[in-house]
Amino acid sequence: LDFHKGTRAILLEDGSWQMPLMLAVMDDRSRLICHGQWYLSESTESLVHGFIQAVQKRGLCRALMSDNGSAMKSEEFVQGLVRLSIGHELTLRYSPYQNGKQEKFWQQVEGRLMKMIEAVQPMTLGQLNDLTQIWLEGEYNRSVHSEIKTTPINRFASDPSVLRNSPSSDDLRSAFVCEDGRR
């Protein structure tokens with residue numbers, strides 16, 4: 001999973017403009033985007049929300065790779081992954097090649113999705129998220145990927161799965177809390 005700062009400002013309810021960030025949770029083998037959503041900040045709250053959406057859509061993974069962002073290293077997120085028995089690997093600092101699949105996806109977001117929706121003016125966060133979901137599920141996940149020679153959704157569905165069933169919404173939310181002992 002990774003966050004990406006968008007290149008298009010959105011109009012907020014108070015009339016101000018802001019550059020949103022997109023969280024994308026990608027299945028490494030199939031390149032399927034399990035969940036993608038735009039947020040106003042790269043916070044632990046945004047990360048947990050988006051990750052829970054991905055788990056509920058596609059299943060509970062056994063391992064996760066992310067960069068060294070503060071949200072990814074937060075106690076709430078790290079402890080939640082431990083409670084869900086998810087291994088967490090961090091990429092090396094200043095090593096974008098370790099996240100190459102995700103970086104390639106960001107090129108498609110900027111080169112394809114943003115070009116498709118540039119006529120929508122002004123754009124709100126809700127509109128951007130709705131149009132992004134349509135693009136992800138209708139085009140990106142269903143287009144033949146040049147490296148795997150099939151669509152991400154077909155590869156995800158046809159390969160043997162190591163995913164586990166998603167816990168309930170309440171169980172997922174309660175997993176991502178920070179516990180601290182007191183004396």
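The expected span of a helix is 1.5 Å times one less than its number of residues. Keep that handy for these exercises on a predicted model.

**Exercise 1.** Compare the reach of helix α4 (residues 125–138) with the expected span.

*Solution.* Start with the length: α4 has 14 residues. Next, take the distance from its first C-alpha to its last, which is 20 Å.

**Exercise 2.** Work out how the buried residues of α4 are arranged around its axis, and find what covers them.

*Solution.* First list the buried residues: L128, N129, T132, W135 and L136. Now look down the axis of α4: these residues fall within an arc of 130°, so they line one face of the helix. Last, the cover over the buried residues includes β2 (10–11), β4 (21–26), β5 (33–39) and α3 (100–116).

**Exercise 3.** Classify the ring pair F51 and F176, then the pair F105 and W106.

*Solution.* The count of aromatic pairs is 7. For F51 and F176, the centres are 6.1 Å apart and the planes stand at 80°; planes over 60 degrees apart count as edge-to-face, so this pair is edge-to-face. F51 sits in helix α1 (residues 44–58) and F176 in the segment after α6 (169–175), 125 residues apart. Both F51 and F176 are buried. For F105 and W106, the values are 5.3 Å centre to centre and 55° between the planes, giving a tilted pair. F105, W106, W135 and Y140 form one aromatic cluster.

How values were computed: Residues are numbered from 1 along each chain as its sequence is written. This is a predicted model: local features need pLDDT of at least 70, side-chain atom pairs count only at pLDDT 80 or more; totals for chains, interfaces and linings use all residues. Side-chain values use heavy atoms; hydrogens and water are left out. Helices (H or I, at least four residues) and strands (E, at least two) are DSSP runs, numbered from the N terminus. Buried means under 20% relative accessible area, exposed over 50%, partly exposed in between (1.4 Å probe, protein chains only). The arc is that of the directions from the helix axis to the C-beta atoms. Contact means heavy atoms within 4.5 Å. Rings of Phe, Tyr and Trp (its six-membered ring) pair if their centres lie within 6.5 Å; planes under 30 degrees apart count as stacked, over 60 as edge-to-face and the rest as tilted.
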